[in-house]
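Open the structure in a viewer and keep the selection tool at hand. The stops below say what to select and what is there.

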Amino acid sequence: MPKKSAYTEKELVEGCVRNDRFFQERLYRQFYPSMRQMCYRYTHDEDTIMLIINDGFLRVFKKLHLFEFKGSLEGWIRKLVYHSLADHFKKNQKYIHFLVFEDRDEIIRETATSNMYLEDIHQMIRQLPNASANVFRKYAIEGYSHKEIALQLDISVGTSKWHLSNARKLLQEMIHNYNSSSTYAR
């Protein structure tokens, strides 16, 4: 196949499934920036980011034959890389507070107890109002931008931002209550 500057998703996937290194590199280079941006939200350590991304793309290449072209390839890749991100923090006994807090929330994050696990956070997310929970999952967990969320949910960018802010506020209150109740339980 002649080398051209742009390939369709179908050409990229088929080339990768054939284990063609050229197409694997093209796919990696095309989606690396957005996957790096997603990981950078949760850690600023460059070595950790590279480890997570490379593990994520290894998953992608192993499972690419399962991609059915239903939905976007980037969204599918994003989910696999996110699973690598979550596994990394779980494996290294880091807790999933990075889902709830932004960099400006460092003081609140430090007060969250170290005995909260992924399931505790997911249980709290399930208690959120549906619209806020949906936006929170798409933004904080799946790594979509507010613009992408607005298009997917047929809402404005401002509404998406409000739901994210609302979800974070409610989650921070739940974590505070969790901390208060677990202080007395110790």
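Begin by selecting Lys138, which lies in helix 7. This is a predicted model. Is Lys138 buried or exposed? Its relative accessible area is 14%, so Lys138 counts as buried, the cut-off being under 20%. The side chain of Lys138 makes a polar contact with that of Gln152, at 3.0 Å.

Next, go to the largest nonpolar core, which has 42 residues. Select Leu27, Phe57, Leu64, Leu73 and Ile77: these are the residues that touch the most other members. To see where the core comes from, colour the elements that give two or more residues to it: helix 1 (9-17), helix 2 (21-40), helix 3 (46-63), helix 4 (73-91), helix 6 (118-126), helix 7 (130-141) and helix 9 (157-185). Which element provides the largest share of this core? Helix 4 does, with 8 residues.

Then centre the view on Leu27. Leaving aside residues up to four places away in sequence, Leu27 touches Leu12, Cys16, Phe57, Val60, Phe61, Leu64, Leu73 and Ile77.

From there, pick Cys16, one of the residues that Leu27 touches. Cys16 has a relative accessibility of 5% and is therefore counted as buried. Select Cys39 as well; with 0% relative accessibility, Cys39 is also buried.

How many disulfides does a search of the whole structure find? The search finds 0.

Definitions and conventions: Residues numbered from 1 in each chain as written. Predicted model: local features only at pLDDT ≥ 70, side-chain atom pairs only at ≥ 80, totals over all residues. Heavy atoms only, no water. Core = buried A, V, L, I, M, F, W, Y, C linked by side-chain atoms within 4.5 Å. Buried < 20%, exposed > 50% of the residue type's maximum accessible area, 1.4 Å probe, protein only. Helix = DSSP H or I, 4+ residues; strand = E, 2+ residues; numbered from the N terminus. Contact = heavy atoms within 4.5 Å. Polar contact = N/O pair within 3.5 Å; in protein donor to acceptor, adjacent residues only side chain to side chain. Disulfide = S-S within 2.5 Å.
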